[in-house]
Amino acid sequence: MQFDKTPGWLDWYASPSKPRFQVPAGSVDAHCHVFGPGAQFPFAPERKYTPCDASRKQLFALRDHLGFAKNVIVQATCHGADNSALLDALAHSNGQARGVVTVKRSITDHDLQAMHTAGVRGVRFNFVKRLVDFTPKDELLEIAARIKPLGWHVVIYFEAVDLPELWDFFTTLPTTVVVDHMGRPDVGKPVDGPEFTLFMQFMHQHPNVWSKVSCPERLSIEGPKALNGEQRPYQDVIPFARQVVETFPYRVLWGTDWPHPNLKDHMPDDGLLVDFIPHIATTPELQRKLLVDNPSRLYWGA
Ligand code: 0GY
């Protein structure tokens, strides 16, 4: 099947630079996606955008180029609850990838078990209104209760302004809960202002909550601007991510977010994204926790 990408959609960076920051051995890119290829794995009819293809082979080539050992592939909304492309990627990863899927309540226990065997370790609940239609909370709670015995966790994606409304739901989830992209803070607001303080309280009060300190390119207002001729990308995101890493070093994950869905102004060079890591995890110890120990524990039980 042929798919035309959403107008304005930027393709992923074809020749990323080689990072200057060398990630520690065994590092995990804990948030990335595969898109299609659409001819083999058609995009979902209910999708809100049509991406360009981004195959498992291209993902694994990027992993090697950046110096990572493993991937956690997260189901993207353009594939709805059809996880075939993700499962195909896991099957071809030599055990070097884990998955986070999207399922409906109609999924059978047999299918959940088969996904577990394939390397799936979580489900994703998405509350970003531009990306998905509403799913009733009772359906999500039912899914959470069914995946808990498998030892899986729930990944949640939401915007900072929606945290107060979603707080009670999130805090009733019976599993480990992993927040995508720090709950999408508005980095134009102060890091010690009410909005981000609420997110920090959310993590403080609920030791089962983890956060991905990913997506500076998505959160930044400054963007990848040059200062005095030097590249200083995404400086405005640093205080937010650094605070989360330093306060909760055992509950943070990092990912590229390749192939960076829905970016229309600027597509990041993935090599520069890796070079951003030492600005938010400033010591070798924090870097090892963020990139190796935490994802290995959560996704490989190691
Ligand atoms: C991300 C961010 C986005 C998209 C999705 O599943 C998705 O379509 O997560 C976004 O548009 O902010 O994490 O990939």
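This is a predicted model: local features need pLDDT of at least 70, side-chain atom pairs count only at pLDDT 80 or more; totals for chains, interfaces and linings use all residues.
The ligand is surrounded by 15 residues. H33, Y49, T77, Y157 and H181 are the closest of them. By class, this shell is evenly divided: five residues are nonpolar, five are polar and five are charged.

For Y49, a polar side-chain atom lies 2.5 Å from a ligand oxygen. In the side chain of T77, an N or O atom is 2.6 Å from an oxygen atom of the ligand. D257 has a polar side-chain atom 2.9 Å from an oxygen atom of the ligand. On its own, the ligand has 350 Å² of accessible area, and the protein covers 100% of it.

One cavity of 30 Å³ or more was counted. The largest cavity holds about 110 Å³ of space. Its lining consists of 15 residues, and those closest to the cavity centre are H33, R124, L131, Y157 and P261. The lining comprises five nonpolar, six polar and four charged residues.

The ligand and the cavity belong together: the ligand sits in the largest cavity. H33 and Y157 are among the residues closest to the ligand, and H33 and Y157 are also among the lining residues closest to the cavity centre. Y49, T77 and H181 are likewise listed among the closest residues to the ligand, while R124, L131 and P261 are listed for the centre of the cavity.

Technical notes: Residues are numbered from 1 along each chain as its sequence is written. Side-chain values use heavy atoms; hydrogens and water are left out. A residue is near a molecule or strand if one of its heavy atoms lies within 4 Å of it. A polar contact is a pair of N or O atoms within 3.5 Å; within protein, one must be able to donate a hydrogen and the other to accept it, and residues adjacent in sequence count only if both atoms are side-chain atoms. Accessible areas come from the Shrake-Rupley method with a 1.4 Å probe; for residues, only the protein chains shown count as cover. On a 1 Å grid over the protein atoms alone, a cavity is a set of points where a 1.4 Å probe fits but cannot get out, and a pocket is an open set with protein on both sides within 12 Å along at least five of seven lines; lining residues have an atom within 4 Å of a point. A molecule sits in a cavity or pocket if more than half of its atoms lie within 2 Å of its grid points. Ala, Val, Leu, Ile, Met, Phe, Trp, Tyr, Cys and Pro count as nonpolar, Asp, Glu, Lys and Arg as charged, and the others, Gly among them, as polar. Grid points are joined across faces, edges and corners, and a volume is the space filled by probe spheres set on the points.
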